[in-house]
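Below is a short note for someone opening this entry for the first time. The points can be checked against the display.

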Amino acid sequence: MGEAKAPTGVDPYTPSVARMYDYYLGGKDNFASDREAAEKIIEILPNLRDIARENREFLIRAVTYLSRQGIRQFLDIGAGLPTQRNVHQVAQELVPESRVVYVDNDPIVLSHARALLAENDRVIAVDADLRDPEALLARPEIRAHLDFTRPVAILLLGVLHFVPDDVEAARIVATLKAALGPGGHLVISHGSIGELSDEQQSAGDRVFSRTAVPGTKSRSPEQVRAFFDGLEPVEPGVVPLQDWRPDADVPLARPGEAGAVGGVARMA
């Protein structure tokens, strides 16, 4: 994507975490500022491209599992730029009537999503902020598209580590869980950094301070499990992403290596 082609309202000179993620996945919807910032993060976490790929593959397996459990409604918060095998593609290949809401607050994400989804009336993209979950859940477009009296899956994939305050993150997740009725599910993937030095973590925070996010926070598997309190965990629980119901044998991350964990849980 060339800087001269930036859509109205999009600053191509300020890195975007969504466009950086697109770059990690080998996409082309990013600017020079995004690539520069992404490469600095890759210097700190050399396996970051693998983590991004594992996160996408976890999404595919989780949505496939949920669809086979009868879930027909998905709320994907912090959806990011469209890439191959999005939530709606996976769900609608299995059940064409599946309904999906993508939520993000990045103008370029919304522009791309709406263009992509223009001819799919079962999928919408909504401008809302994870950090205000009450307002997000009250959005009339979301309430019109999803029926919360029936099971809904709420997806928080690779987004909670951009909420560094533990109390705020817990409040956000608690508010979203309260919207789930019986049979609803929560899906979370989260960065879980191994033995990085304080200097490395500070260097990463300096890069993200140039984006629209306030910072990042690695959380341990135990901390991520706490987000699911009150729900019934789906086996195998919160584990490294590549170990969540893998389709084939995948090598484990090396001990101490930065990675990501995730899980799925159900409202009884």
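Which residues of α8 are buried? Point 2 gives the list.

1. The model is predicted, and the points below should be read with that in mind.

2. Helix α8 covers residues 166-178. Its buried residues are A169, I172, V173, T175, L176 and K177. An α-helix has 3.6 residues a turn, so residues three or four places apart point the same way.

3. The buried residues of α8 pack against strands β1 (73-77), β4 (153-157) and β5 (185-192), and against helices α6 (133-138) and α10 (221-227).

4. Over its 13 residues, α8 reaches 18 Å from first C-alpha to last, close to the 18 Å expected at 1.5 Å a residue.

5. In helix α4 (residues 87-94), the buried residues are V87, H88, V90, A91 and Q92. Their cover includes helices α3 (48-68) and α5 (107-116), along with strands β1, β2 (99-104), β3 (123-127) and β4.

6. How do α2 and α9 run relative to each other, and what is the angle at which their axes cross? The axes of α2 (residues 32-44) and α9 (residues 198-208) come within 10 Å and cross at roughly 170 degrees. The two helices are therefore roughly antiparallel.

7. On the α2 side, this contact is made by A37, K40, I41 and I44; α9 supplies Q200, A203, G204, V207 and F208. By class, six of the contact residues are nonpolar, two polar and one charged.

Note on methods
Residues are numbered from 1 along each chain as its sequence is written. This is a predicted model: local features need pLDDT of at least 70, side-chain atom pairs count only at pLDDT 80 or more; totals for chains, interfaces and linings use all residues. Side-chain values use heavy atoms; hydrogens and water are left out. Axes are lines fitted to C-alpha atoms, for helices over the stretch in contact, and angles run from 0 to 180 degrees between N-to-C directions. Helices (H or I, at least four residues) and strands (E, at least two) are DSSP runs, numbered from the N terminus. Angles under 35 degrees count as roughly parallel, over 145 as roughly antiparallel, 65 to 115 as roughly perpendicular and the rest as oblique. Contact means heavy atoms within 4.5 Å. Ala, Val, Leu, Ile, Met, Phe, Trp, Tyr, Cys and Pro count as nonpolar, Asp, Glu, Lys and Arg as charged, and the others, Gly among them, as polar. The expected span of a helix is 1.5 Å times one less than its number of residues. Buried means under 20% relative accessible area, exposed over 50%, partly exposed in between (1.4 Å probe, protein chains only).
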